[in-house]
Amino acid sequence: MRYLNLFITLIKISFSRILIYRGNFASHATSSVGWGIFSVISIMLLTSKTPVVFGWSRNELILLTVLMNVIFGVYRSFIDANFWRFSQIIHYGDLDIVLLKPVDSQFQMSLWIFDLSSLLRFLFASIFAVYLIIIFHIPVSFVSILFFFILSTASIILLYSITFILLTLTIWFTRLSNLIDLINTVTNASRYPKEMFEHLTTFVFFILLPIVIIISTPVKALFQKGSLSDSILLLAFAFVFFSISRVFWKFALRFYASASG
Amino acid sequence: MLSAMSFQKANMRYFRIFFLQLQHAIEARSLSVVWFLTALTTPLLMLIFWSGATAAAGGRIFSWSYSNFATYYLFIALASSMLTAHIQEDVAFEDINKGNLSQYILKPFPYYTSKFLLELPWRLFQGSLAISGIVIVALFFKNLVSVTSSPIILLLAIVIAILAFILSFTFKMILGLLAFWFTEISGVMNVNEIIFSIASGTLIPLEFFPNNLRTLFEILPFSYMIYYPIIAFLGKLNTTSLLQVILMQLLWIFIFSLVYKFTWAKGRKTFTAVGL
Amino acid sequence: MSAITVNHLNKTYKSYRKDPGFFGSVRSLVKRKYENIPAVKDISFTIESGELVGFIGPNGAGKTTTLKCLSGLLFPTSGEISVLGFKPFERKNEFLKQISLVMGQKNQLWWDLPPMETFLLNKEIYQIPKNHFKKTLDELISILEVEDIINIQVRKLSLGQRMKCELIAALLHSPKILFLDEPTIGLDVVMQKKLRDFVREYNKKFNATVILTSHYMEDVRQLCDRIIVIDHGSILFDGKFDELVKKHTQQKIISVIFEKEVLREKLLKLGIIKDFDLPKVVLLVKRENANSVAEKLLKDFSVLDMNIEEPDIEDVIRNVFSKS
């Protein structure tokens, strides 16, 4: 398919850029792995005095963090770098160049550049996760692993859609070049179990729901403690938010084409 | 007579730069609000975590109750938005990598002073947002915010806060100056963020760490940028301890000033040699 | 069917106004004032395929806005546009594959990669067949003489080399219509000429319709048979370049640098003195007298240097405007 060819060409370009900026690649890989390690250390520190929190055992919480790194490793590699580019494009008024190309503009703003250095984080986290599953004796099955992959994909789509919708707002508020920082920090909430947020006021919990189920749901499915309602909710959210992202983006482009000079 | 006038003129110039930057900060108010919310998020998340954790541990962890945690993290939020300078990225990416440094070198102010004056309005603007937030919280949840009422301790705490800002600022400037020698500096900055999170008490109160790590953190400068200002305001230290804190801050500021001067002198030579 | 048809196009956009100074900023915290600015007012024209048309006008006249409407970047406030049978603002892929817009300062080449990588990417983006791609690429490379540099990183190239590669990137898909927005801005004289030569050759060889906007008279004089003069959003003139010059500028400008001092009165009978700042003097003379005045100056005075020019575009426009 046409977009597949385009995607492959773009991956090749990202590889070329790695070869040119080898120091850059090494540095990014180090910091992304560093953040991964830090996230595991901090959960270990936080739970050092409490063996069970929110219905999760300490081992389960550590594994939750490691699996968060697996999913985020993929997300940061393929999608996140594009959001930095998104902010730059809007800020410097380069949206016209995007709109002139006969390629879907949302595709251009979402899957155009890749930061393959985060794949190392994905790799190490995956290996470490397998190791922990074995030594913690977590009961997994082939089916639960399959569900983990399916739900993780939905999670990535959901996370992407939420961020894309919020970034689309910068077409109106062009000055908010640091919005992506805020979004990334808030979506970090997904590394904590969903149950942690349940005792907040219903209103706040409802708002946070799409975010907090992103990591918890696939991980619980993997542990065979998954709830059907959460899984269906995740899939539904992924579909709904993605559709909203497309509609909202088209709407924003109409505004851009009407208002700018 | 002449020197008095030129002194006044110099002050006017400083004042005008400050004012212009404050105007800029107000205009980019949405940017400030976003930064403020970003600084607020992590402490909030920690609060939510601890509320569940303390409940699970029967009300107190390591003698900290939930309201202790709440106060601590609210102040972390305030300290993060007000006391922590973010100048290192500006220095590394805008000034050194992109070459904007030239315009600073041409000005009659030291580079340090220029950046300081540029940074100050942002901090004040964000700090005022944070303080109003805390005042609102204090009004609604009276037991959550417990600040010391002794005027001497309050005064010393303010001194500590000011010194913390200077300390953080100087350190970040040095970090930014590393861009003179390393083209890819974001790795260093990320590592610094990680160490800072742990050693400054932003992630967990330093009390929670085992003793040998605590001693390490007491020697490192990071705890003096965030942790000690906070517990000073919370009234957890007596006058003697506060003076010790100030002494350590002054010592680290002195060390960093020397490092800065050295780094700046060497770096400037490199910069003009390349002729960016 | 014409390549481009525009009927009663209008484009108005909102802009907010802020009072200057500190208190202006504080006030703008609370309230912002909006203004409606008409960029393009009721313009209509038709362009046939293969034409080379120039839009000329001072800054802010509405040229770029018109171009953006034609290429689908802007949504017209009212009116109809048809380009190659498409409505541009629908931005259909088949439409976008047949046009190209090159904006002076904007670049589409990947900064840290050789231009060749961008070319290969564009091949995928525009779905150019392999042999067609090779043929077009080879032709463009040979015309622009860039064989040696297409595999060097863009950031290491000079401005001129970069510009040539930008052009190639923009033309690989053999667009039927090429929009050029202020193409010579920021270029030195040599580069300007090279660019104009290239555009002329491209128009002839590939039979592409070329629309360019500029506020340099030279661009238009060298390139365009037909020019459209725009000012304050309205078309003031649409026709052949020579007509415009003959119709609206009765004058030519002669700039002289004298070797010795000259009395002002002596020059008065030759023409209107626009500038008298010895040793340089600028005279306005009637078009038909330009050559004889020049002869007389050379004969009767000791002249170091002399230049005969068309009047400034702003003066031409002012003339056109004041007559309409």
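This is a predicted model: local features need pLDDT of at least 70, side-chain atom pairs count only at pLDDT 80 or more; totals for chains, interfaces and linings use all residues.
- On the side of α6(B), the contact is made by B:Tyr112, B:Lys115, B:Phe116, B:Glu119 and B:Arg123, while α7(B) brings B:Phe165, B:Phe169 and B:Met173 to it.
- Sorted by class, the residues of this contact of α6(B) with α7(B) comprise five nonpolar and three charged ones, with no polar residue among them.

**The pair α1(A) and α4(C)**

- Helix α1 (residues 2–20) of chain A and helix α4 (residues 115–125) of chain C have axes that come within 9 Å and cross at roughly 165°, so that α1(A) and α4(C) are roughly antiparallel to each other.
- The crossing in which α1(A) passes α4(C) is left-handed.
- From α1(A), the residues A:Asn5, A:Leu6, A:Thr9, A:Ile13 and A:Ser16 meet C:Glu117, C:Leu120, C:Leu121, C:Glu124 and C:Ile125 of α4(C), and by class this contact holds five nonpolar, three polar and two charged residues.

**Where chain A touches chain B**

- In the contact between these two chains, 31 residues of chain A are in contact with 27 residues of chain B.
- Two or more residues of the side of chain A that touches chain B come from each of α2 (22–46), β1 (52–53) and α8 (179–187) of chain A, and among these elements α2(A) gives the most, with 12 residues.
- The side of chain A that touches chain B has 17 nonpolar residues, alongside 11 polar and three charged ones.

**Nonpolar cores**

- The largest nonpolar core has 124 residues, and those with the most contacts inside this core are A:Leu67, A:Leu158, B:Ile160, B:Leu167, B:Ile230 and B:Ala232.
- Helix α3 (residues 58–91) of chain A gives the most to this core, with 15 residues.
- B:Ile230, one of the residues with the most contacts inside the largest core, is in contact with B:Tyr72, B:Phe75, B:Ile76 and B:Ala79 when its neighbours within four places in sequence are left aside.

**Make-up of chain B**

- Chain B contains 11 helices and two strands, and these elements follow one another along the sequence in the pattern α-α-β-β-α-α-α-α-α-α-α-α-α.
- Of the 276 residues in chain B, 36% are buried.
- Among the contacts in chain B with a separation of 6 or more, 79% are accounted for by residues 24 or more positions apart.

**Make-up of chain C**

- Chain C contains 12 helices and 13 strands, and 38% of its 324 residues count as buried.
- For contacts in chain C between residues at least 6 apart in sequence, 70% join residues at least 24 apart.

Conventions:
Residues are numbered from 1 along each chain as its sequence is written. Chains are lettered from A and ligands numbered from 1 in the order in which they are written. Axes are lines fitted to C-alpha atoms, for helices over the stretch in contact, and angles run from 0 to 180 degrees between N-to-C directions. Helices (H or I, at least four residues) and strands (E, at least two) are DSSP runs, numbered from the N terminus. Angles under 35 degrees count as roughly parallel, over 145 as roughly antiparallel, 65 to 115 as roughly perpendicular and the rest as oblique. A crossing is left-handed if the near helix is turned anticlockwise from the far one by less than a right angle, and right-handed if clockwise. Two residues are in contact if their C-beta atoms, placed from the backbone, lie within 7 Å. Ala, Val, Leu, Ile, Met, Phe, Trp, Tyr, Cys and Pro count as nonpolar, Asp, Glu, Lys and Arg as charged, and the others, Gly among them, as polar. A residue is buried if 20 or more other C-beta atoms lie within 10 Å of its own, exposed if 12 or fewer, and partly exposed in between; C-beta atoms are placed from the backbone. A nonpolar core is a set of buried Ala, Val, Leu, Ile, Met, Phe, Trp, Tyr and Cys residues joined through C-beta atoms within 7 Å.
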